[in-house]
Amino acid sequence: MKTRISKSLMVVVAAGCFSALAVEPSEARACGGEWAPEVYIDHRIQGVARAEKMFEAGKVDQAAATVIRMMPHIATLKASRSTLVERSQRMLAVAVARADGALPVAEEVPDYARGTWLGAKDADRQTNLSWAVSALRQVDELKKDDPSVQTELAEVLAKVPEHKKEARTILESLAQRDLVSTPEGYAVLAELRKEAGDAKGQKVALERCAAMAKSAAVCRSTEAQS
């Protein structure tokens, strides 16, 4: 009889502990729950991964909107302190450059997180492009000679008049080693060569752009001006 009562008590106590786990982890420790630590799930890990897939699929603006929603204060964060921040800032900076400083994300980003990202004013667009340059310089420092980061940095630099010379220097160096990592990089190089009066070089860059691009639109704007 005592054995049956003891077993019943054990079941009740165990049930109480499991209930505590379901409600509040700190209560579980009162039941000897040191083996069940509190777990914090950072949903940004999956969110950034999803944004990267969008980015790779060509949905650059959607990827940017996702990043801004997850990290409303991303402009003030340091890439050196978090791989997630580094990856997010990299995507956002490239998106800003390709949108000329005015991200078309009004329908996807709530008011409180928009900041200057919509680029409603010229000053906002300049602020966004300046941030993009700064952010990718930091990522470049962290990655050290990563051709893909350097290609993206050059793409952003080319959007700021005073940095165009530096952008071309980077891209010409990469092109000589066949290391320009994106068709957009070649499109930018084609435009920079055009501005410098290098028609032959522009044509070569456009051919490389077309060979890499999934969509002819990537190279078309520069081609149309030639």
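Predicted model: local features only at pLDDT ≥ 70, side-chain atom pairs only at ≥ 80, totals over all residues.
1. Start with Asp100. Asp100 sits in the loop between helix 5 and helix 6 (111–114). Its phi is near 55°, a positive value in a residue other than glycine. The relative accessibility of Asp100 is 43%, so Asp100 counts as partly exposed.

2. Lys144 lies in the loop between helix 7 (122–143) and helix 8 (147–157). Lys144 counts as exposed because its relative accessibility is 53%, and the cut-off for that class is over 50%.

3. Now the overall make-up. The chain has twelve helices and zero strands. Read from the N terminus, the order of elements is α-α-α-α-α-α-α-α-α-α-α-α. The chain has 226 residues, and 38% of them are buried.

4. Contacts along the sequence come next. Take the contacts in the chain with a separation of 6 or more: residues 24 or more positions apart account for 53% of them.

5. Helix 3 covers residues 44–56, and its axis comes within 10 Å of the axis of helix 5. The two axes cross at roughly 35°. The crossing of helix 3 and helix 5 is left-handed.

6. Which residues of helix 3 and helix 5 meet? From helix 3 come Arg44, Ile45, Val48, Ala49, Ala51, Glu52 and Phe55. From helix 5 come Leu84, Arg87, Ser88, Met91, Val94 and Arg98. By class, this contact of helix 3 with helix 5 has eight nonpolar, one polar and four charged residues.

7. Ser88 belongs to helix 5, which spans residues 83–98. Is Ser88 buried or exposed? Its relative accessibility is 0%, so Ser88 counts as buried; the cut-off for that class is under 20%. Leaving out residues up to four places away in sequence, Ser88 touches Val48, Val67, Met71 and Ile74. One of these, Val48, is in helix 3 and is listed in the contact of that helix with helix 5.

8. Thr76 gives a contrasting setting. Thr76 is placed in the loop between helix 4 (60–70) and helix 5. Thr76 is exposed, because its relative accessible area is 61%. The C-alpha atoms of Thr76 and Ala135 are separated by 9.9 Å. Along the chain, Thr76 and Ala135 are 59 residues apart.

9. The count of disulfides comes to one. Cys209 and Cys219 form it, with their sulfur atoms 1.9 Å apart. The pair links distant parts of the chain, ten residues apart. Cys209 is in helix 11 (residues 199–212), and Cys219 is in helix 12 (residues 217–225). A disulfide is a covalent bond between the sulfur atoms of two cysteines.

10. Two details of that link remain. The angle about the S-S bond is -95°, and the link of Cys209 and Cys219 is left-handed. Where do the two cysteines stand, buried or exposed? Both Cys209 and Cys219 are buried.

Definitions and conventions. Residues numbered from 1 in each chain as written. Heavy atoms only, no water. Helix = DSSP H or I, 4+ residues; strand = E, 2+ residues; numbered from the N terminus. Buried < 20%, exposed > 50% of the residue type's maximum accessible area, 1.4 Å probe, protein only. Contact = heavy atoms within 4.5 Å. Disulfide = S-S within 2.5 Å. Axes fitted to C-alpha atoms, helices over the stretch in contact; angles between N-to-C directions. Left-handed = near helix turned anticlockwise from the far one by under 90°. Nonpolar A, V, L, I, M, F, W, Y, C, P; charged D, E, K, R; others polar.
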